[in-house]
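Take a look at the picture first, and then we'll go through it piece by piece.

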Amino acid sequence: MSPAVSPTRVVPAGPSELVSEAEAWLAAHGLPGRRDEAWRYAPVSRFRDAVAAAGPAPAATPQGAALAGVVGWHDAPTLVLVNGLWDEGLSIPGRAGTDGLLDSGPLRGIVGSGCVDGFDALNRVGHRSSALIATAPGAAEVLVQVVHLSVPSAGTTVAHPRTVVDVAPRSSLTLVETFVGGDHTMLTNAATVIRVGEGGHLRHHRVQVGDPSGLHVGHTHARLATGATLHLGLFELGAAAAHHRCDVVLAGDHATVTAAGLYSPGPDQHHDTLVRVEHAASDGTSRQHLRGVVADGGRGSFSGSVVVDAGTTGNDASQANHSLLLGRHAEADSRPWLEIHSDDVRCSHGSSVGRLDDDALFYLRSRGIDRATARRMLIDAFVADALGAISPPQVATWVSGLFDAAHREVPR
Amino acid sequence: MLTIRDLHASVDGREVLSGLDLDVPAGEVHALMGPNGAGKSTLANVLAGRDGYDVTGSVALDGVELLGLAPEERAAAGLFLGFQHPMEIPGVGNMYFLRTALNALRRARGLDEVSAVDFIGLARGQMALLDMDPSLLSRSVNDGFSGGEKKRNEVLQLSLLEPRLVVLDEIDSGLDVDALRLVADSVERLRSPDRSTVIITHYPRMLELVVPDRVHVLRGGRIERSGDRSLADELAVAGFDAGRPVP
Amino acid sequence: MADVIDADAVPAPQRSGRGADAVSRAVEAEYAFGFVTDVETDVVPKGLSEEVVALISAKNDEPGWLLEWRLGAYRHWLTMPEPTWAYVSHPPIDYQDMHYWAAPKPKGDGPASLDEVDPEVLATFEKLGIPLEEQKRLSGIAVDAVMDSVSVATTFKAALADAGVIFCSFSEAVREHPELVRRYLGSVVGPRDNFFAALNSAVFSDGSFCFVPAGVACPMELSTYFRINTAGTGQFERTLIVAEEGASVSYLEGCTAPMRDENQLHAAVVELVALDDASIKYSTVQNWYPGDADGKGGIYNFVTKRGRCAGARSRISWTQVETGSAITWKYPSVILQGDESVGEFYSVAVSNHRQQADTGTKMIHIGRDTSSTIVSKGISAGHGQNTYRGLVKVLRSAEGARNSTRCDSLLLGPDCGAHTFPYVEVRNDTAQVSHEASTSKVDADQLFYCRQRGLTEEDATTMIVNGFCREVFDELPMEYAVEAQALMRVTLEGAVG
């Protein structure tokens, strides 16, 4: 029987020239600061301080218990990486292996040559292995999970987990990528690189549910060929400070990307999500639907960007970002941006910030529903779009549970 | 008046009209009926010169070949298309739009332009006949109009612009009985020896109010049957499949 | 052509001439204000230094505190980098290669009355549609006419003075009302605010000053007409408008410049202050020379405009129609400090040929129950680049703040660009902020509908574009609305088809 998924495997650090390129980039540009537009809403100094103080995170051997209760196993082959290194004992093999070294050719094709910023470059320089998920051409839909566990040790540490996803032409993959663990002494600096081949289909749920005191920086790069489809589910449910930037390039005609998700900073937490979609070819479709539920004392930021390149035609892009503020000291930022260089387009965006609708709340309570339940109902309604888009159902149920757990309301 | 010969039209390589022939003599009202997808709206669009169709054949209005002319040149030649779904144009005042169109046509016909003051009188008179709220004149073109208001606005334009050939594409869709009667009365009122009318409709009820001289059934991209008004009655009872040979 | 004017929406202009002028100018289909007036001009030598700043101050007979204020701004400016974040590009500006002060030479000791103004200057303004002589004046509008660095005449001063309204050139205000100038100058846009505001603070020449005392509704529209004439000069005017408790005023600004191959810098500062229950409406039809079709020449319009709703229930409204300039860098803003104060920004910006516009607004909500509205319409054609950039910021103190933003962009042709860069920053959970935007080309179905009714493609497009801008034009005083529609047609000439 030929495997639907050619081995999910862990490979040693990427080709050396990719690393040396990133080193050169880092030497030239350094780490970003507050004046960099992309970091305008991020607590970048906390990330920089962590990098400055940190040694590399050791290859720890944790108890499997650290994952229980957080990670949903979904009855799927699962790779577990601890501080960026493969942990065979925790992984569930199911058609997974560690064989073979990836040759640099295809990897380079996915990675491209530029770095988005200093943290992106730092991941390339500092990562010790990559989780590789690759499908065979024409392979039928399959569900795979990668879990990145960050384990603190003495002093400040930084881990550089890295995942490479290569969806072959006309194949179909659902990937759940989960980030767990860490604490205030630890920065998880992740990168995920995605290629979807012609007619390929990827559903990628990225679930950041790190320790509420932790620091998280993530970069996702995706490149879509002709007729490819990418559905990104972006969920920020943990960490004290999280910044995730997602760059998608629609490189072939008739490609489609949907980036939908939810960020849910609790008290004293700050989630910063950036999504940039570039329509580099014609007749593409992109959708960005991000919602923020911000607890009292929390801050949720979204920066969306649609770029339609000159010379393209028939592109259709929309962005929507809605934030719900759940307390006096909840804060939200929103930048829904459009950068359009072609007249043959349809683009729209909308954004709103507000709190729960008092009238709706009153209406529910007048029907005998207590205040807390009424609030809960309205919040659930607000996030229904984001959570409802998750498939398969067992993953949807799991993410909803994580949202409920992460988002504990402070009574008013 | 209107002479259509061997008219072919295709969209994205799919042929919708396949060698259609049709004659509408001056002064007559013809009804064009047919099932969904028969090409009725395509014919209306092709006559008016909408982009997006590959067209061959001949369409002559009073001996003037229309194919190859820009939409506004066809309008100047006397063609008026009543739209099934009239466009909403936010920000453009309805009166301004109507007067600009009227004066463009008057210029093309070598007539003097109508002043704003004269125009208001003219428009108000016609609107009264159509039982239209005068405030519709100061709103944006069709913007926020109800379905009935839009269709009346089409008929208002028809009466102001005084075309030679009137093509009404499903003017009866979405109208209640009273509105339908008003529209039908206007069409009857606008009948004249030097004006021809083609009523495109899916339902026979319009033809109970406007009596057509000829009725055509459009099917498969060409005129399948033609007859007098009794054909409409027959279709009303038996549907479009009646009388078709069994393949 | 006359049909461009929406006679139904805009009643026939009461003032003879202006509307008809706009129409006939439109027919010429080129920049109609590109002539140069041959008038003897007094210029300060090129370059910028403390000496030049002192010389400008001396030309205006300024008190010592103002010279110190200018020098402070100049010294700070020297330490500032030129901003690079705007979505525009241009060759570096050589700040030593321009004149910072130029003025038509007075015939006598300075024009105490119109009789002493050079007839050439009067003729210039008449040609621009702004007659200044008593018998020809525009009724109902008081005009301050500024050529290069000085105000040449202000009309209706006496009539306004009867109502208690001070309306005069800025230099006159410094002489006659130093205490008011000192109290409010820099109170909204500080001398170190940004690169171009600091430059302006150092070298600003003339401009208009307006003070409407408590309880007075200004009896007529106030207007300043800015004209750049001399080659190689920058224009750095400063406008200050103060409306005391319960006062109200509507102010219009127009601007033109000759056609030249060189780029000329216009770096103005406008400050508005509204106290309790006061209302200021500020309208601009910006028609600086945009450069030729290949992008040669034109004005760099780098302007700081900001209003402070200092008092409760005060209101500041900006309306702008930006059709000119090679580059526009401009963000008329409102600081909503007073409780229940209201800020508005209505904008149409057009970029054709090689024009670049980066414009928008900032609404800073500080007071309780403050509200703001933003309506922005951007039109790009040719190789034009049009950017909306706007900030809505709700501070923690701004209980019950409201903002509604609508940004639409229209693209005419495959080579232009339309960009929308909003920033929304909310620090209070009782705020309600919404932003909506769209970008598209002219709707093909709308175009077909109009053409079926007999309109040419160009007329149909102009009509649809004007309809697209209608919401903003409706905010303009009537005669400006007429002019704005005519300008749209001229600006978009050749962009269709």
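In which sense, parallel or antiparallel, do strand β21 of chain A and β23(C) pair, and over how many bridges? Strand β21, residues 345-354 of chain A, pairs with β23(C) in the antiparallel sense, over eight bridges. To find one spot along that pairing, look for A:R346, whose bridge partner in β23(C) is C:S440. If strand pairing is new to you: strands of a sheet pair through backbone hydrogen bonds, either parallel or antiparallel. Keep in mind that this is a predicted model.

## Where chain C meets chain A

On the chain C side, 33 residues are in contact with 35 residues of chain A. Together the two chains bury about 2,900 Å² between them, and carbon and sulfur atoms give 44% of that. Who loses the most area in chain C? The answer is C:R396, C:Y423 and C:D429, which together make up 22% of what that side buries.

On the side of chain C that touches chain A, the elements giving two or more residues are β22 (417-426) and β23 (432-441) of chain C. Sorted by class, the residues on that side are 13 nonpolar, 13 polar and seven charged.

## Where chain B meets chain C

Now for the other contact of chain C. Here 38 residues come from chain B and 25 from chain C. The area buried between these two chains is about 2,600 Å², with 60% of it on carbon and sulfur atoms. In chain B, the residues that lose the most area to chain C are B:E72, B:M87 and B:Y96, together 25% of what that side buries.

Between chain B and chain C, the salt bridge count is three. B:E72 takes part in a salt bridge with C:R451, their side chains meeting at 2.5 Å from N to O. There are also 13 residue pairs in polar contact between the two chains. Several elements of chain B give two or more residues to this side, among them α1, α2 (71-76) and β7 (89-93). The largest share, ten residues, comes from α3(B). By class, this side of chain B has 22 nonpolar, nine polar and seven charged residues.

| Pair | N to O distance |
|---|---|
| C:R451 and B:E72 | 2.5 Å |

Chain B has an open sheet of six strands in the order β6-β9-β10-β3-β11-β12, with mixed pairing. Why is one side of β6 (79-82) and of β12 (222-227) left without a neighbour in the sheet? Both stand at the edges, each with a single partner strand, so one side of each has no neighbour there. On average, neighbouring strands of this sheet are turned by 20 degrees against each other, ignoring direction.

Within this sheet, β9 (165-169) and β10 (196-201) pair in the parallel sense over five bridges. There, B:V167 stands opposite B:V198 in β10(B).

An open sheet of four strands is found in chain B as well, in the order β2-β1-β4-β5, with antiparallel pairing. At its edges stand β2 (14-24) and β5 (64-65), each with a single partner strand, so one side of each lacks a neighbour. Eight bridges join β1 (2-11) to β2(B), and B:T3 stands opposite B:D23 in β2(B).

Finally, follow helix α1 (40-48) of chain B. Helix α1 lies across β3, β6, β9, β10 and β11 of chain B, running at about 145 degrees to β6(B). α1(B) also lies across β1, β2 and β4 of chain B, at about 110 degrees to β1(B).

Conventions: Residues are numbered from 1 along each chain as its sequence is written. Chains are lettered from A and ligands numbered from 1 in the order in which they are written. This is a predicted model: local features need pLDDT of at least 70, side-chain atom pairs count only at pLDDT 80 or more; totals for chains, interfaces and linings use all residues. Side-chain values use heavy atoms; hydrogens and water are left out. Contact means heavy atoms within 4.5 Å. Buried area is the accessible area (1.4 Å probe) that two parts lose on being put together, summed over both. Ala, Val, Leu, Ile, Met, Phe, Trp, Tyr, Cys and Pro count as nonpolar, Asp, Glu, Lys and Arg as charged, and the others, Gly among them, as polar. Two strands pair if DSSP finds at least two bridges between them. Axes are lines fitted to C-alpha atoms, for helices over the stretch in contact, and angles run from 0 to 180 degrees between N-to-C directions. A salt bridge is a side-chain nitrogen of Lys or Arg within 4 Å of a carboxyl oxygen of Asp or Glu. A polar contact is a pair of N or O atoms within 3.5 Å; within protein, one must be able to donate a hydrogen and the other to accept it, and residues adjacent in sequence count only if both atoms are side-chain atoms.
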